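Okay, thanks for making time, everyone.

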Amino acid sequence: GGSGSSDGSVGGSSSSTSPSGGSSNVRTNSSSGSSSAKNATYVVTPFKLTTLLGRPKYPVERLYQKVPVGVATGLAWTSLGGATLYIEAMPLGPAATEAEKNVRGFKATGQMGDVMKESVDIAYSYACDWLARHEPENDFMLRRSVHVHIPEGATPKDGPSAGITLVTALLSQALRREVDPDLGMTGELTLTGKVLAVGGIREKMVAARRAGLSKVILPEDNMKDWDELPAFVRRGISANFVSTYDQVFEAAFAPSTSSIQSDS
């Protein structure tokens with residue numbers, strides 16, 4: 001029978017004998033330009049990616065390259081995996097006068113569920129207490145109302161794991177100090193400042209990697225979950241394990257800490 005090309009190859013064909021004695025078709029490329037085309041070197045640069053692959057289907061998750069005062073980066077679990085959660089705290093209107101002190105209060109937006117709304121209440125109360133104990137001359141919470149917002153307002157958010165992030169955003173605004181832009185955090189907070197374990201550590205660490213974060217703060221009781229993560233997820237991320245908010249504050253606002261584990 002005649003030989004036909006079933007794979008779309010171009011060129012002549014020659015007949016050879018297979019080990020079983022039958023005839024098989026071996027195709028050879030007769031085009032002199034094909035060999036050089038196959039051996040050509042193609043350089044792909046970041047500038048060519050859009051041309052070759054099209055526009056990115058998903059936006060970059062890192063909202064800030066430099067985190068402004070009053071913003072802290074949280075890590076959240078979602079039904080589709082992990083995500084970064086930027087929490088913003090902004091004072092409302094001018095500061096009250098001396099005679100109008102104790103106008104404290106806040107409002108919260110960002111489509112928060114009931115559990116997260118309770119976390120905001122706890123975070124606000126704890127931030128007020130923390131300032132009174134550590135910065136007694138700072139009257140920010142006495143003279144200002146605060147607006148707490150979590151961007152992407154169309155996305156429902158719930159759960160208790162944003163507690164330490166909420167307090168950090170509030171204190172960042174009260175102290176006018178920026179939080180480390182390469183730091184993400186997750187952990188439930190009690191009124192007495194204890195940091196409790198949370199779920200979804202694997203998904204949250206994947207989100208940290210996608211956002212390019214190099215440091216995370218995790219509850220001490222989640223250390224076992226960190227140890228169980230694949231090496232490629234932990235690689236390049238330093239984890240600081242905490243049991244109290246004072247340890248969170250030290251890690252979030254100080255350049256270095258003493259209880260860091262890192263996978264390089």
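First one for you: is Gly 74 buried or exposed? Gly 74 is buried, because its relative accessible area comes out at 4%, and the cut-off for buried is under 20%. Keep in mind that what you're looking at is a predicted model.

So where are we in the fold? Gly 74 sits in strand 3, which covers residues 71-78. If you skip the neighbours within four places in sequence, Gly 74 has contacts with Ala 83, Thr 84, Leu 85, Thr 165 and Met 185. There's also Ile 87, 13 residues along the chain from Gly 74, and the two C-alpha atoms are 7.1 Å apart.

Okay, on to the charged pairs. How many salt bridges does the structure hold? The count is 4, and I'll go through some of them.

Take Asp 129 and Arg 133. Their side chains form a salt bridge, with an N to O distance of 2.7 Å. Why are these two about one helical turn apart? Because they're both in helix 3, residues 114-134, with a spacing of 4 residues. On accessibility, Asp 129 is partly exposed at 35% relative accessible area, and Arg 133 is partly exposed as well, at 46%.

Next up, Lys 215 and Asp 180. The closest N and O atoms in this salt bridge are 2.4 Å apart. Here the pair ties together distant parts of the chain, 35 residues apart. Lys 215 belongs to strand 10, residues 215-219, while Asp 180 is in the loop between helix 5 (163-175) and strand 7 (183-185). And how accessible are the two ends? Lys 215 is partly exposed, with a relative accessible area of 26%, whereas Asp 180 is buried, at 17%. For Asp 180 the call follows from the cut-off, since buried means under 20%.

Last pair: Lys 224 and Asp 225. Their closest N and O atoms are 4.0 Å apart, and the pair counts as a salt bridge. That one makes the list because the criterion is a side-chain nitrogen within 4 Å of a carboxyl oxygen. Lys 224 is exposed, at 51% relative accessible area, and the cut-off for exposed is over 50%. Asp 225 is partly exposed, at 23%.

Definitions and conventions. Residues are numbered from 1 along each chain as its sequence is written. This is a predicted model: local features need pLDDT of at least 70, side-chain atom pairs count only at pLDDT 80 or more; totals for chains, interfaces and linings use all residues. Side-chain values use heavy atoms; hydrogens and water are left out. Buried means under 20% relative accessible area, exposed over 50%, partly exposed in between (1.4 Å probe, protein chains only). Contact means heavy atoms within 4.5 Å.
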